[in-house]
Amino acid sequence: MRVLLLGALGVERSDGSVDYVRGFQATLISELLAAEAAVVSTDRLADALYGEDTPRHPLRAVHAHMTRLRRALRQWEPEGPGAERLLTRATGYAFKVSSLESDAGQFLAELNCARSLARTEADAAVGILEPALSLWRGPVLEGTTTGAAGDRLANRLEAARREAAEQLAAARLDLGHCVQAVTELEALLLADPYDETLARLLTTALSRSGRPREAHRVDQRIRRALRDDLGVGSRALPRVRLQSVLDQPPVRPLDIPLPRQPRPARRGGPGRPGLSSTGLLELIVDRESPVCMVSPSPRQISGTPTPSHRGPAAAGGVYRVGGNPVAVVHDANPGRSPDVRGALRTLDYARKAGLPVLLLLGERDRSPDPGSETPAHQVMLLRSLVQLRGVVPRVVISSDDEAARFPGIAALGDARILVRPDSPVGSGKRPTAEIEARSAAEAAASARDLLDYLTLHWAPAAPPDAAIEDFGACDAPVDMRGVIAGIADAGDWFELGTERGSSLLTGLARIEGKRVGIIANNPVVGDGVLTPQAAGKGTRMVELCELWRIPLLVLVDTPQFPGSGAAGAGSLPEVAGSELLRAFLGAEVPRVTVIVGRAKGWSRLVMGARESGADAVYAWPRAQTDLTDGTLDGIIAPQTTRAVVSTLLGTGRGRRTGA
């Protein structure tokens, strides 16, 4: 006989068959096993079984349950100790099961063995931990009502499971299996977002996989979570060590001896894994019951549901993300007609309550039934989403690039998150999303970060990660990410569009707790030239800030366009920056421009002159510009930039009436 605890409670017989145990018997076994063969008093067993609903004769009831348990033990182990495992003592009962006679005991023994190997023999540790973790079938004692001792046992085993998963990821990193480690660590960090050790491992794995920007984003996320939610500082990855991690060269894919495993094919399309919108939703929202807005079908109203009916398609509802309410529309039952009326009710409520909207477009598990989804459904949803433009923020998460490029519902988000697990981020055609993720876990984490900026106008202020350097001559390029790190609150820089137009940085930040959109030339990439892709990326950022009423900070250091001196600037009707200039001219949110380096001629006019609508224009002492002191609002030291920007953009409100 072998007792199974790592999942639903069961007993495996000698022939391999499993009898699952539920009800009072499961509660008794869990309490007895937690005592590890020690005597458990009858009073404690009665308390675990009945709680406050104690029967008239609790001791007699416990004895009756023990008699039934002995009878079951004889059936589970007819040729072994069977009922003899259950011992009766003067004060209670004891259950004799050795550590090797349970899956939990086997798991703990293998974990203990792996602990001694993890630092010296990573390959051997992986060989032990992988089969050990495969013993888990679900949460400990799933479906069993446990007493105090059972709860302690479950917590101890779950902690051991997290330790094993963490050690496995660390061993994979030592072996160079970075891609596989990233996938496992992302899922672990979502389940425990305050674990600094997991964040450190994920940062290292991302950096070694050639994804330093995502590594930096993970570091910022854990620092912000610890500061805002727990009120503590992060000690896991000091800033100096973080930079050393990011500077490590990526591991070449050819050097990673990952085992070849067949990828399960998605229904409805070979070779690519499907992404359920319901599964993605579970990764994003807080763990509490949503307020669903479901329109019952006529059969439900009449009380005569069809045999195949499994409940309404909860296509819309109000959930909490990071403690804040968010209206969510998703396809809860892929392949069936969506609950359009429920989705429309959710969108209408979002408009009235001013809630951000999250639209999840997951891939279908199977092809929809003929006629289950009509063009009228699409048009109704499109109309409601169009009417929300400029009223509430709209975020769309799509399962693939084809859906994101489809000129329909997926194109109506103010910001889009694209999940592309099968191809490198930014490869192929020009991306059409602000954020591209390689996994559902990464997309969910990005969605939570983005919604944090949309729902919280203010947050607790924190000092910057590092002081701005005293930069020297202008001929030395300035890394604008370092400038932003010296202006924004620690951990509060959320970069958008990282995989295109790299000569321009765009993203959201907080400065002394106030949310701000940032557009910055990046002279360390392509000399900071405003390429067509960079201009399109900047235009998109201006539009987002205009829609969400977020003030803008523009950091300028870019060369002139070829042949565009001050005299010839007006003769350039179409250049790369025209699109961005039109966006700036139409923006009505507060905007401050800081000239960090070069800003002359047409480039200066495009990036942030008063002529294009900037409310204030400042320059650093090192700046090279054709503006005179009379046309500048002042020369400011780099170290005072944060204070100046925070004062001017402090309200965070647009100039339009009622904004």
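**Labels and their grounds**

Author: The model is predicted. Asn324 belongs to strand E9, which covers residues 324-330.

Reader: What makes Asn324 count as buried?

Author: Buried means under 20% relative accessible area. Asn324 has 17% relative accessibility, so Asn324 counts as buried. Leaving out residues up to four places away in sequence, Asn324 touches Tyr319, Thr455 and Leu456.

Reader: How do you know whether Arg208 is buried, exposed or partly exposed?

Author: Buried ends at 20% and exposed begins over 50%, with partly exposed in between. The relative accessible area of Arg208 is 23%, so Arg208 is partly exposed. Arg208 is placed in helix H8 (residues 196-208). Its C-alpha is 9.6 Å from that of His177, and Arg208 and His177 are 31 residues apart in sequence.

Reader: Why are H1 and H6 called roughly perpendicular?

Author: The axes of helix H1 (residues 23-34) and helix H6 (residues 148-175) cross at roughly 65 degrees and come within 8 Å. Angles of 65 to 115 degrees count as roughly perpendicular, and H1 and H6 are therefore given that label. The crossing of H1 past H6 is left-handed. On the H1 side the contact is made by Ser30, Glu31 and Ala34, and on the H6 side by Ala148, Ala149, Gly150 and Leu153. By class, the contact residues of H1 with H6 are four nonpolar, two polar and one charged.

Reader: Which residues of H5 and H6 meet, and how do their axes cross?

Author: The axes of helix H5 (residues 122-133) and H6 cross at roughly 145 degrees and come within 9 Å. H5 passes H6 in a left-handed crossing. From H5, Ala122, Asp123, Ala125, Val126, Leu129, Glu130 and Leu133 take part; they meet Arg161, Ala164, Ala165, Gln167, Leu168, Ala171, Arg172, Asp174 and Leu175 of H6. The residues in the contact of H5 with H6 comprise 10 nonpolar, one polar and five charged.

Reader: How many aromatic pairs does the structure hold, and what makes the pair of Phe107 and Trp136 edge-to-face?

Author: There are three aromatic pairs. Ring centres within 6.5 Å make a pair, and planes over 60 degrees apart make the pair edge-to-face. For Phe107 and Trp136 the centres are 5.5 Å apart and the planes stand at 85 degrees, so the pair is edge-to-face. Phe107 is in helix H4 (residues 103-115) and Trp136 in the loop between H5 and H6, so the pair ties together parts 29 residues apart in sequence. Phe107 and Trp136 are both buried.

Reader: Why is the pair of Tyr453 and Phe494 called stacked?

Author: Planes under 30 degrees apart count as stacked. The rings of Tyr453 and Phe494 have planes at 20 degrees and centres 6.1 Å apart, so the pair is stacked. Tyr453 lies in helix H16 (residues 440-455) and Phe494 in strand E14 (residues 493-496), so parts 41 residues apart in sequence are tied together by the pair.

Reader: How do you know whether Tyr453 and Phe494 are buried or exposed?

Author: The limit for buried is under 20%. Tyr453 has 1% relative accessibility and so counts as buried. Phe494 is buried, with a relative accessible area of 1%.

Reader: What percentage of the chain's residues count as buried?

Author: Of the 659 residues, 52% count as buried. The chain has 21 helices and 22 strands.

Conventions. Residues numbered from 1 in each chain as written. Predicted model: local features only at pLDDT ≥ 70, side-chain atom pairs only at ≥ 80, totals over all residues. Heavy atoms only, no water. Helix = DSSP H or I, 4+ residues; strand = E, 2+ residues; numbered from the N terminus. Buried < 20%, exposed > 50% of the residue type's maximum accessible area, 1.4 Å probe, protein only. Contact = heavy atoms within 4.5 Å. Axes fitted to C-alpha atoms, helices over the stretch in contact; angles between N-to-C directions. Parallel < 35°, antiparallel > 145°, perpendicular 65-115°, else oblique. Left-handed = near helix turned anticlockwise from the far one by under 90°. Nonpolar A, V, L, I, M, F, W, Y, C, P; charged D, E, K, R; others polar. Phe/Tyr/Trp six-rings, centres within 6.5 Å; stacked < 30°, edge-to-face > 60°.
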